[in-house]
Amino acid sequence: MNLEAWIALATFVVVFVSIVFEKIHLTAAALLGALVLVFAHVMTLTEAVGYISQSYATLALFFGVMVLVRAFEPTKIFEYIATKMVIAAKGSGKLLLLGIVLMTAPICAVLPNATTVMLLAPLIPPIAQEIGVDFVPLLTLMVFVANSAGLLTIVGDPATYLIGDAVNLSFLDYLQRLSFGGVLAIVVVVLLLPLVFKDIWQTTFTDLSHLPNPKVNHPRVLALGGVLIFFVLLLFVIGESLPVPIVPAAVALLGAALALTLAHQSKIDTVNNILKDVDWSTLLFFMSIFVLIGGLEKTGVVSQISGVLAIILGKNILLGSILIVFVVGILSSLVPNIPLVVAMIPLLKEYLVNVDLLGSEFLDPNVAGQFPPVVLPLFYAMMYGATLGGNGTLLGASSNIVAAGIAELHGGKMSFRKFLKYSIPITATQLAVSAVYMLTFFL
């Protein structure tokens, strides 16, 4: 490798290590890394912006969803749902756990899991404290369900969307081919509840009289918001099959624009307040990671690593797919899955070109053609491994970090070791079930 390649690789590794050990805030680390590549003349600023623009669809999707969700916060609908869930449990610990699953899974099917955890997790500690239960296991369960439910649709998890977008997989195609894997992942969590969350499963609460009684604000606006969200979901499903196709990213931006208009016209909030609360840190993190991966591509590091992969696997798609489920799953447990997936996508494409299973034109991120069916199981395996591997440790997914921060704000501690107590049996079982699912339906 030449000097530029070593700089790109070293920068990427240092950023990864900084993120894993939380020495620097992940956004600051990624941004500094991207700027190192520019100032070291590995790439120009114009080239850096070009790498960001190649992934515009991902950025547009998450910006649109963030705005859409934030616009309806003043209605207090999520606080209302959480309290009703506890009341419906009627003092039963097992019903409370199942209620968290039922509340979290449908929302995470259509919203990025970290966004859902940001919305729902702050509701759990006050309610748990009212009924005398440790809220950390409840938050941990919410994280497991959020990460697992991200597999239900292509927009449910950033990693899933990144991979699906890379192989031109439509929303409807994903539902038909891969959503059942997400259902199985949630079933695994439910079946393991009596074992992993045994203490709460066997608990009975006696006094529910002190629970708060939140009310839904702005019911008319909420009703219109429900219609808007239904419209967005419908376009997610059918948009790409319309005579003039509409991709999910454009649908999300349309939903955001309509939600901003509704919030402003109804005076439940201002446009400035809504935009101020958008998670700009995550968006900037995405942009910086795209530049770092661009540096690895431009300097040939990705090509060299993919050559090693070609020597090990050859054209054995079955072996490659099973290995990817577990290897990517383990890696995603140790490092955030988003930068891992961004790095793995071009690596996997280069490997497939090296073994003559893909034409070189598929290395272009903007290629519009359909990928050969024979190679798709490798990308499906990466989806399952990256998404479910996020359940493995506290560092595995952004939703985990969000939940840990919320726990600390409420006087609890979601420690790395305590998280492992719950995560090891669930993640190991989910990855094994995913591998069997891959073997049964795709290999």
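## Aromatic pairs

A search of the whole structure, a predicted model, turns up 10 aromatic pairs (Phe, Tyr or six-membered Trp rings with centres within 6.5 Å; stacked if planes are under 30 degrees apart, edge-to-face if over 60, tilted for the rest). Tyr437 and Phe442 form an edge-to-face pair, because their planes stand at 90 degrees, with ring centres 5.8 Å apart. Tyr437 is buried at 6% relative accessibility. Phe442 is partly exposed at 22%. Here buried means under 20% relative accessible area, exposed over 50%, and partly exposed in between (1.4 Å probe, protein chains only).

Ring pairs also build a cluster from Phe180, Tyr380, Tyr384, Tyr437, Phe441 and Phe442.

## Salt bridges

The structure has six salt bridges (a Lys or Arg side-chain nitrogen within 4 Å of an Asp or Glu carboxyl oxygen). Arg70 and Glu73 make one, with closest N and O atoms 3.9 Å apart. Arg70 is buried at 10%; Glu73 is partly exposed at 38%. A salt-bridge network links Arg70, Glu73, Asp269 and Asp277.

Asp134 bridges to Lys418 at 3.3 Å, N to O. Asp134 sits in the loop between α8 (124-130) and α9 (135-149) and Lys418 in helix α23 (residues 416-441), so the pair ties together parts 284 residues apart in sequence. Helices are DSSP runs (H or I, at least four residues), numbered from the N terminus.

## Basis

Residues are numbered from 1 along each chain as its sequence is written. Local features need pLDDT of at least 70 and side-chain atom pairs 80 or more, while totals for chains, interfaces and linings use all residues; side-chain values use heavy atoms, without hydrogens or water.

Technical notes: Helix = DSSP H or I, 4+ residues; strand = E, 2+ residues; numbered from the N terminus.
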